[in-house]
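Subject: Handing over the model

Hi,

Here is the model I promised to pass on to you. Have a look first, and then read on for what I found in it.

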Number of protein chains: 2
Amino acid sequence: MSMREPGLCVVDVEKGELRGATNRYTKTMGDLAGLYEDEAAYQAVLAELGDKVVYEVTDYKPSADAGDMIIGVTRMIPGKVGREYFLTRGHIHANPNRPEMYYGESGHGIMLLESPAGEIRTVEIGPRSLCYVPPYWIHRSVNVGSTDLVMTFAYPADSGQDYDIIAKAGGMRSRIVDDGKGGWTAVDNAGYRFRAKELVDSIMAR
Amino acid sequence: MSMREPGLCVVDVEKGELRGATNRYTKTMGDLAGLYEDEAAYQAVLAELGDKVVYEVTDYKPSADAGDMIIGVTRMIPGKVGREYFLTRGHIHANPNRPEMYYGESGHGIMLLESPAGEIRTVEIGPRSLCYVPPYWIHRSVNVGSTDLVMTFAYPADSGQDYDIIAKAGGMRSRIVDDGKGGWTAVDNAGYRFRAKELVDSIMAR
């Protein structure tokens, strides 16, 4: 194995990005078709926002080797689709036995986690909150605040992302919605379908 | 594999610690015998500081499994031993093919890195600096500022620490010292002994 050079980046909390990143990707509302419960509200927000970036990720990826880590910053704008707070697509790691660390920089978010068997957890994230996502948890972040949600993250470089696991189940089991009092609450996703035991077992065996 | 619960900690930048940590260790100047070049100055600082904590680590360790990560906070007080800035013992990961991320919270530090073959790198860390330590680099942090150096870190839970690699070489190849103008500079460590090629090759093969 050869040595790789040390890296130095800077988290720009105001801009919600990593200076010195090697990669950037952005999502518009149009990229999130089918994720929200209220299709009419989604179409209205889509018409309003157009190509505006709703969330973006900038990261530093030394390699995709098992021995490396990817570090970066995610920024999501605030807003709601109907009663449902803005969210990221969410994923399980393609190599599911891989963890992730999220660190709150600014704003107010929820890390929504779901086990392959359909257990739900919510972790509230504010500035300086350090959230540990253990292996095997499907996870998505939700902006329940009124400002950009900015988080720094780190995960093993050989993790990968599998987004389809959520789509195939009709979404995550819970949705994070306005509780009508300025806060948030988790409600059941009516379209959710539990995974077959064989599928759950095959994920957990990896 | 069974699911582990998600974790939530908070980085207390003022105190330089992780609230919700599962582990803490502290070092006094007495724990650092032999690390500084100027033995008389070391004895004087030791007499002055006594049992005062010179640096401490608080971390959240879900397990020691390969699939987990350890996240935490390190805090080091400012000061010098003679011309040499306060430092941590430093280590290479016992499983050397493991990386680490350091994130500046407050203060002004240097990450001093050395390859097994004796190459040196320095990375300057201030608030919001995100330093990536790739696999195989021996690394130590140095407080070159006038306040506590506080950093958040993350690394794979199966990394381990090997401190002896530094001691056996007579220290790291460079020392970080006062440049006489209020700043820092790296100078050669006169006591340094290069590792044998066989040892370097055996580390890099792991």
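Which residue takes a positive phi in the hairpin of E1(B) and E2(B)? The residue is Gly16(B), with phi near 70 degrees, and the hairpin has four residues between its strands. Please keep in mind throughout that this is a predicted model.

One pair to look for is Asp12(B), whose bridge partner in E2(B) is Glu17(B). Both strands belong to an open sheet of eight strands, which takes in elements from chain A and chain B in the order E3(A)-E4(A)-E5(A)-E13(A)-E8(A)-E11(A)-E1(B)-E2(B), with antiparallel pairing. At its edges are strand E3 (23-28) of chain A and strand E2 (17-19) of chain B, each of which pairs on one side only. Ignoring direction, neighbouring strands in this sheet are turned by 25 degrees against each other on average.

The place where the sheet passes from one chain to the other is worth a visit. There, E11(A) is joined to strand E1 (residues 7-12) of chain B by four bridges, and these strands run antiparallel. On its chain A side, strand E11 (residues 129-133) pairs with strand E8 (residues 100-106), also antiparallel and over four bridges.

A second sheet, in chain A

Chain A also has an open sheet of three strands, ordered E10-E9-E12 and paired antiparallel. Its edge strands, each pairing on one side only, are strand E10 (120-125) and strand E12 (138-143). From one strand to the next, the twist averages 20 degrees. Six bridges link E10(A) with strand E9 (residues 109-114) of chain A, and in this pairing Met111(A) stands opposite Val123(A).

Glu100(B) sits in strand E8 (residues 100-106) of chain B. Glu100(B) is buried but has no salt bridge, and Arg98(B), the nearest side chain of opposite charge, is 11 Å away. What its side chain does have is a polar contact with the side chain of Tyr102(B), at 3.0 Å. Beyond its neighbours within four places in sequence, Glu100(B) is in contact with residues including Met69(A), His91(B), His93(B) and His139(B).

Arg128(B) lies in the loop between strand E10 (120-125) and strand E11 (129-133) of chain B. Its relative accessible area is 17%, so Arg128(B) counts as buried, the cut-off being under 20%. The side chain of Arg128(B) makes a polar contact with that of Tyr103(B), at 2.5 Å. Setting aside neighbours within four places in sequence, Arg128(B) has contacts in both chains, among them Cys9(A), Glu105(A), Arg128(A) and Glu105(B).

His91(A) is in the loop between strand E7 (84-85) and E8 of chain A. With 10% relative accessibility, His91(A) is buried too. Not counting residues up to four places away in sequence, His91(A) touches Glu100(A), Trp137(A), His139(A) and Tyr163(A), which are among its contacts. Its C-alpha is 15 Å from that of Asp31(A), a residue 60 places away in sequence.

Best wishes

Terms used:
Residues are numbered from 1 along each chain as its sequence is written. Chains are lettered from A and ligands numbered from 1 in the order in which they are written. This is a predicted model: local features need pLDDT of at least 70, side-chain atom pairs count only at pLDDT 80 or more; totals for chains, interfaces and linings use all residues. Side-chain values use heavy atoms; hydrogens and water are left out. Helices (H or I, at least four residues) and strands (E, at least two) are DSSP runs, numbered from the N terminus. Buried means under 20% relative accessible area, exposed over 50%, partly exposed in between (1.4 Å probe, protein chains only). Lys and Arg count as positive and Asp and Glu as negative; His and the chain ends are not counted. A salt bridge is a side-chain nitrogen of Lys or Arg within 4 Å of a carboxyl oxygen of Asp or Glu. A polar contact is a pair of N or O atoms within 3.5 Å; within protein, one must be able to donate a hydrogen and the other to accept it, and residues adjacent in sequence count only if both atoms are side-chain atoms. Contact means heavy atoms within 4.5 Å. Two strands pair if DSSP finds at least two bridges between them. Axes are lines fitted to C-alpha atoms, for helices over the stretch in contact, and angles run from 0 to 180 degrees between N-to-C directions.
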